[in-house]
Amino acid sequence: ARRSLASPVVSGVLCPCGSPQGSAVESSTSGGGSSSSSSGGSAGSCGRSLCEASEQDRRLRTLFQKLDVNRDGALCIHDLAVGLGRLGLHRTELDLRKIVKAGDKDLDGQLDFEEFVHYLQDHEKKLRLVFKSLDKKNDGRIDAQEIVQSLRDLGVKISEQQAEKILKSMDKNGTMTIDWNEWRDYHLLHPVENIPEIILYWKHSTIFDVGENLTVPDEFTVEERQTGMWWRHLVAGGGAGAVSRTCTAPLDRLKVLMQVHASRSNNMCIIGGFTQMIREGGPRSLWRGNGINVLKIAPESAIKFMAYEQIKRFIGTDQEMLRIHERLLAGSLAGAIAQSSIYPMEVLKTRMALRKTGQYSGMLDCAKNILAKEGMAAFYKGYIPNMLGIIPYAGIDLAVYETLKNTWLQRYAVNSADPGVFVLLACGTISSTCGQLASYPLALVRTRMQAQASVEGAPEVTMRGLFKHILKTEGAFGLYRGLAPNFMKVIPAVSISYVVYENLKMTLGVDSR
């Protein structure tokens, strides 16, 4: 379990009554441990003897010295990482950069004692405003009901048990309420400044590309959008998706072959399918269609992200975090827009995966052949079942993900409201699997329509007609052809995607929030 942030060294560094003091800073400029403007019994601006500048200055200097690992009189990012780690307060590099940037007045990349004190005082003022907004009863304490109500006002629904988990991580005296000192000590050395940022600190979201790429997009904070971190997240996610798709491409091609060619009379099994592919085109044939599958990641991700942000504005919410039904609506619409934009690439991917050896010299040759023989309409075959499949996939994926995560938090989280990355990965894997299971018949019909070559004089197959034909000739089981290799690729795809994603984020200078 994560240690409480209320370290004995941090606790009481600033005025317990919450009044930010300037006297400590004044004393620091004189170079001594005591202020020339205050004697042993003088009070601070709040009028309480606890706010004596000399005592506060001593506490601040003690904390500063513990953090100043290399003893050079200034705190750099490395000092903060090591020093806070020794106090049991682990921060990401992004968090530490934000702390240094917020307090670095002379822009030398580090904090001297005066800058450090100013940062703590400014940060405390912001935390005070957040505390007051959460303190609905105005009694100087935050309880579980107030957390539930505050988050509900922002469109984030949590149970009282989940709120109690959040309280436990901050509560030092076991009262199950948080006073100002406990609140400040918990967040003082974490650069969160408003309620949405604190919610993101409490509640994380981890969704990885498993090849279908129909999940609701993750949200980025205002700072990530303003600083350009969002595109680094997208690049890292795109790179991770490319690697994971390439590694699981043989299973993906097998799924397409089974969706199109398997039937009661041709009961293609996994081993038989791989054997048939290798016999027909050699080991390289296992990756047919993967090139276009990887190429479409970048435009689809970029279009989906841009559309998602615009739809959020259209919905009219000014909050960083959307309600679940708003995320579903915005994500489904963004997915539909992105899919509509790149759908010809989906058709090309299917045709390339199904091609015989020597049939096409490449993607462009395949596109030219389709255009010449079948016309432009061929690039949108299967479009309707594809669009219809987005809604159940995204809805079930999101609903199952949130339900599993919340259930785990209620039953197993003891000292933290953060479920941890492995729990989130497990929730994401299960929810994605459920989403694919619900939308799989539509995906199968889409693939068969994409694969259909136009035969002169033959009637055009419709979605409804294809459903009827499959049910009549193959039964309900026929709607789930290729399901086994599809599910086989989920766990390796998520695992590979996670490892590559984390490494790319480190390379690009992006830290997990």
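**Contacts along the chain**

I looked up contacts between residues with a separation of 6 or more, and 72% of them join residues 24 or more positions apart. I keep in mind that this is a predicted model.

**Overall make-up**

I went through the secondary structure next. The chain has 22 helices and two strands. I then checked burial. Of the 513 residues in the chain, 53% are buried. The accessible surface comes to about 23100 Å². Carbon and sulfur atoms account for 58% of that surface.

**Salt bridges around Asp252**

How many salt bridges does the structure hold? I found eleven. I picked out Asp252, which pairs with Lys349. Their closest N and O atoms are 3.0 Å apart. This pair links distant parts of the chain, with Asp252 in helix H12 (residues 249-261) and Lys349 in helix H16 (residues 324-354). The two residues are 97 residues apart.

Is Asp252 buried or exposed? Asp252 counts as buried, because its relative accessibility is 10% and buried means under 20%. Lys349 also has 10% relative accessibility, so Lys349 counts as buried.

The side chain of Lys489 meets Asp252 in a salt bridge, at 2.8 Å from N to O. Lys489 lies in the loop between helix H21 (483-488) and helix H22 (490-508), while Asp252 is in helix H12, so this pair ties together parts that are 237 residues apart in sequence. Lys489 has a relative accessible area of 2%, so I list Lys489 as buried.

Which residues make up the network here? I wrote down Asp252, Lys255, Lys349 and Lys489, linked by salt bridges.

**Another pair: Glu474 and Arg448**

I moved on to Glu474 and Arg448. Their side chains meet in a salt bridge, at 3.3 Å from N to O. Glu474 lies in helix H20 (residues 463-474) and Arg448 in helix H19 (residues 421-451), so the pair ties together parts that are 26 residues apart in sequence. I checked burial for both: Glu474 is buried, and so is Arg448.

**A patch on the surface**

Which residues make the nonpolar surface patch? I found Leu371, Met376 and Tyr380. Their patch is about 300 Å².

Where does Met376 lie? I placed Met376 in the loop between helix H17 (363-374) and helix H18 (383-412). Met376 counts as exposed because its relative accessibility is 52%, and exposed means over 50%.

Key. Residues are numbered from 1 along each chain as its sequence is written. This is a predicted model: local features need pLDDT of at least 70, side-chain atom pairs count only at pLDDT 80 or more; totals for chains, interfaces and linings use all residues. Side-chain values use heavy atoms; hydrogens and water are left out. Patches are made of residues with over 30% relative accessible area and no salt bridge: like charges are joined within 9 Å, nonpolar side chains (Val, Leu, Ile, Met, Phe, Trp, Tyr) within 5 Å. Accessible areas come from the Shrake-Rupley method with a 1.4 Å probe; for residues, only the protein chains shown count as cover. A salt bridge is a side-chain nitrogen of Lys or Arg within 4 Å of a carboxyl oxygen of Asp or Glu. Helices (H or I, at least four residues) and strands (E, at least two) are DSSP runs, numbered from the N terminus. Buried means under 20% relative accessible area, exposed over 50%, partly exposed in between (1.4 Å probe, protein chains only). Contact means heavy atoms within 4.5 Å.
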